[in-house]
Amino acid sequence: MALAKVRVPTERLSEWVAFDGLAQLISVDGQRTVGCPYWDLVADVGAEQLRDLYRDMAVIRRLDNEAMSLQRQGELGLWAPLLGQEAAQVGSARALRPDDFAFTSYREHGMAYCRGVDPVDMLRLWRGTALSGWDPAQFGVSNPAIVVGSQALHATGYALGVALDGASSATLVYFGDGATSEGDVSEAFGFAASYAVPVVFFCQNNQWAISEPVRVQSHTSIAQRGQGYGIPGIQVDGNDVLAVLAATRLALARAYTGQGPTLVEAVTYRMGPHTTSDDPARYRSRSEEEEWRMKDPLVRLRRLLRAEGAADDSFEEGVAAAADDAAAALRAGCLDMADPEPEALFDHVYAMTHPLVDAERADYLSYLAELDDEDDDGHDDVDEDVCP
């Protein structure tokens with residue numbers, strides 16, 4: 001699905017950036033809001049485009065749920081679920097042009113999906129069958145960055161290269177509220193502001209940095225953190241896909257026209273665990289979870305579609321069927337992944353062959369050969385005398 005690009009009038013960029021408050025275009029109960037000037041930024045989004053946005057979010061949620069199940073069944077080593085953050089990822093991803101580049105952390109499966117990455121490829125790293133999932137140059141999106149906040153520096157450097165090359169594209173970098181306490185993000189803000197590079201800093205404030213609430217990370221809004229660097233900040237309802245699309249379009253328009261970086265704070269909620277090794281019940285209340293469940297981004301858009309006669313039971317059944325098909329393909333693709341050969345561990349350590357790596361590879365293969373010889377001799381690693 002590709003949204004038609006509305007022309008963003010450059011003469012109004014300052015007006016839109018100056019909007020003070022939480023940008024919201026769809027209320028929690030699925031009604032169009034008034035008073036926010038961002039409506040002009042999504043004037044091209046009609047009923048069909050709204051249905052496409054809903055379909056994106058529904059399929060992504062179903063894929064995410066299937067990946068969670070695969071991990072619980074021992075098929076993945078780890079998974080970082082995105083439940084509750086679908087609007088933040090779809091709305092921002094659909095604002096990008098094909099020549100833009102996105103840098104992600106480890107939860108942006110929805111972003112990768114919108115950029116055309118095969119969902120099966122998203123599992124390769126987490127299943128341990130590959131060092132990465134896809135070619136970033138092909139899709140304009142990086143592989144997951146596990147080191148918290150590091151991708152902000154990568155995006156800033158890439159954006160500087162874009163500017164030096166004279167290109168008109170931009171970069172978009174995702175990170176969480178916890179990452180804003182990392183030095184890498186602060187350094188990226190300072191560098192991007194000093195050189196006015198075309199980068200959009202997109203913070204998915206999902207309220208929890210593992211077990212630490214956002215109030216520990218900042219006593220003010222994340223969007224205001226950019227002011228000290230001279231970076232405009234936009235705070236948007238991250239569960240409102242239209243508002244996120246509008247805010248990201250605005251930030252990208254500033255980047256395209258040489259006005260430098262923008263910080264977007266998408267206020268959302270991580271409805272599931274931080275990763276599959278986490279238990280959120282240990283640090284947050286059920287009442288808080290229920291409060292945010294009422295703001296579910298899919299429910300909100302479905303209510304709007306229903307209220308405006310743009311969706312019915314048949315449409316929703318079709319979306320659910322498409323999501324189930326995508327989940328079935330994801331499971332089949334995951335289980336069909338071949339285990340890599342042990343010596344592949346030493347591939348791609350350096351761009352060219354290296355004598356130390358070659359020696360380590362030889363030693364390891366020799367070690368494996370010794371194990372094979374022991375097995376051939378009938379040696380059993382289990383000592384039956386000590387087993388019950």
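View 1. At 23% relative accessibility, Arg331 counts as partly exposed (20% to 50% relative accessible area, with under 20% buried and over 50% exposed; 1.4 Å probe, protein chains only). The side chain of Arg331 forms a salt bridge with that of Glu66, at 2.6 Å from N to O (a side-chain nitrogen of Lys or Arg within 4 Å of a carboxyl oxygen of Asp or Glu). This pair links distant parts of the chain, with Glu66 in helix H2 and Arg331 in helix H14 (residues 313–335), 265 residues apart. Helices are DSSP runs of H or I with at least four residues, numbered from the N terminus. The model is predicted: local features need pLDDT of at least 70, side-chain atom pairs count only at pLDDT 80 or more, and totals for chains, interfaces and linings use all residues. Residues are numbered from 1 along each chain as its sequence is written, and side-chain values use heavy atoms, with hydrogens and water left out.

**View 2. Glu66 and Arg62 in helix H2.** The two side chains, Glu66 and Arg62, meet in a salt bridge of 2.9 Å, N to O. Both residues lie in helix H2 (residues 47–72), four residues apart, about one turn of the helix. Glu66 counts as buried at 9% relative accessibility, whereas Arg62, at 24%, counts as partly exposed.

**View 3. Arg270 and Asp278.** A salt bridge joins Arg270 to Asp278, with 3.8 Å between the closest N and O atoms. Arg270 is buried, with a relative accessible area of 0%; Asp278 also counts as buried, at 15%. Elsewhere, salt bridges that share partners join Arg62, Glu66, Asp324 and Arg331 into one network.

Technical notes: Helices (H or I, at least four residues) and strands (E, at least two) are DSSP runs, numbered from the N terminus.
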